[in-house]
Amino acid sequence: VQLQASGGGLVQAGGSLRLSCAASGRTVSSYRMGWFRQAPGKEREFVARINPSGGVTDHADSGKGRFTISRDNAKNTMYLQMNSLKPEDTAVYYCAAGAAWSISGTTYAYWGQGTQVTVSS
């Protein structure tokens, strides 16, 4: 499975971005998928996760009410809608796929290359 994250960019505080994670090589419809982020000098942290059907989602407290994870299995793609962005959301965002329902990045077998999100104040 190859994952390609895209949609990052530079946005002002309060703005929105929609990240996409396109999978190729095989279908990811049976995988749990997630978004993680890593800011400079900080550890990678969990952002959101979604179950195979898309019917169950979980968001880290930092993004609750502002971020929404979703997926379209027909397109083999996962999304992260980010609204009301804050400067502290600045990070490289990574998508991942795996078999376990987990907020730990170590349990995800497949990773995208990351997309930079920069939020200016």
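Q: In which sense do S5 and strand S6 pair, and over how many bridges?
A: Two strands pair if DSSP finds at least two bridges between them; strands (E, at least two residues) and helices (H or I, at least four) are DSSP runs, numbered from the N terminus. Here S5 and strand S6 (residues 57-59) are antiparallel, with 3 bridges.

Q: Before we go on, what am I looking at, and how are residues numbered?
A: It's a predicted model, where local features need pLDDT of at least 70 and side-chain atom pairs count only at pLDDT 80 or more, while totals for chains, interfaces and linings use all residues. Residues are numbered from 1 along each chain as its sequence is written, and side-chain values use heavy atoms, leaving out hydrogens and water.

Q: What about strand S4 and S5: how many bridges join them?
A: Strand S4 (residues 32-38) runs antiparallel to S5, joined to it by 5 bridges. Across that pairing, Met33 is opposite Ile50 in S5. These two strands also make a hairpin, with 6 residues between them and a positive phi of about 75° at Gly41 in the turn.

Q: How many of the residues of strand S5 are buried?
A: Buried means under 20% relative accessible area, exposed over 50%, and partly exposed in between (1.4 Å probe, protein chains only). In strand S5 (residues 45-50), 5 of the 6 residues are buried, so the strand is largely enclosed by the rest of the structure.

Q: What does Asn51 do with its side chain in the loop between S5 and S6?
A: A polar contact is a pair of N or O atoms within 3.5 Å; within protein, one must be able to donate a hydrogen and the other to accept it, and residues adjacent in sequence count only if both atoms are side-chain atoms. A polar atom of the Asn51 side chain lies 3.0 Å from the backbone nitrogen of Gly54, and the backbone nitrogen of Gly55 is also 3.0 Å from a polar atom of that side chain. Asn51 counts as buried, at 17% relative accessibility.

Q: Which residues does Trp101 touch?
A: Contact means heavy atoms within 4.5 Å. Not counting residues up to four places away in sequence, Trp101 touches Arg32, Arg49, Ile50, Asn51, Val56, Thr57 and Asp58. Trp101 lies in the loop between S9 and strand S10 (110-111), yet its C-alpha atom is 6.2 Å from that of Arg32, 69 residues apart along the chain.

Q: Which residues other than glycine have a positive phi?
A: Most residues other than glycine have a negative phi. Here Asn76 has a positive phi near 55°, and Ser84 has one near 50°. Asn76 is in the loop between strand S7 (67-72) and strand S8 (77-82); Ser84 is in the loop between S8 and strand S9 (91-98).

Q: How many residues make up the largest nonpolar core?
A: A nonpolar core is a set of buried Ala, Val, Leu, Ile, Met, Phe, Trp, Tyr and Cys residues joined through side-chain atoms within 4.5 Å. The largest has 27 residues, and those with the most contacts inside it are Met33, Trp35, Met78, Leu80, Met82 and Tyr93. A second, separate core has 5 residues, including Phe36, Ala60, Ala96 and Tyr108.

Q: How many aromatic pairs are there?
A: Rings of Phe, Tyr and Trp (its six-membered ring) pair if their centres lie within 6.5 Å; planes under 30 degrees apart are stacked, over 60 edge-to-face, and the rest tilted. The count is 5 aromatic pairs. One of them joins Tyr31 and Tyr110 edge-to-face, 5.7 Å centre to centre with 85° between the planes. Tyr31 lies in the loop between S3 and S4 and Tyr110 in strand S10, so this pair ties together parts 79 residues apart in sequence. Elsewhere, ring pairs link Phe36, Phe46, Tyr108 and Trp111 into a cluster.
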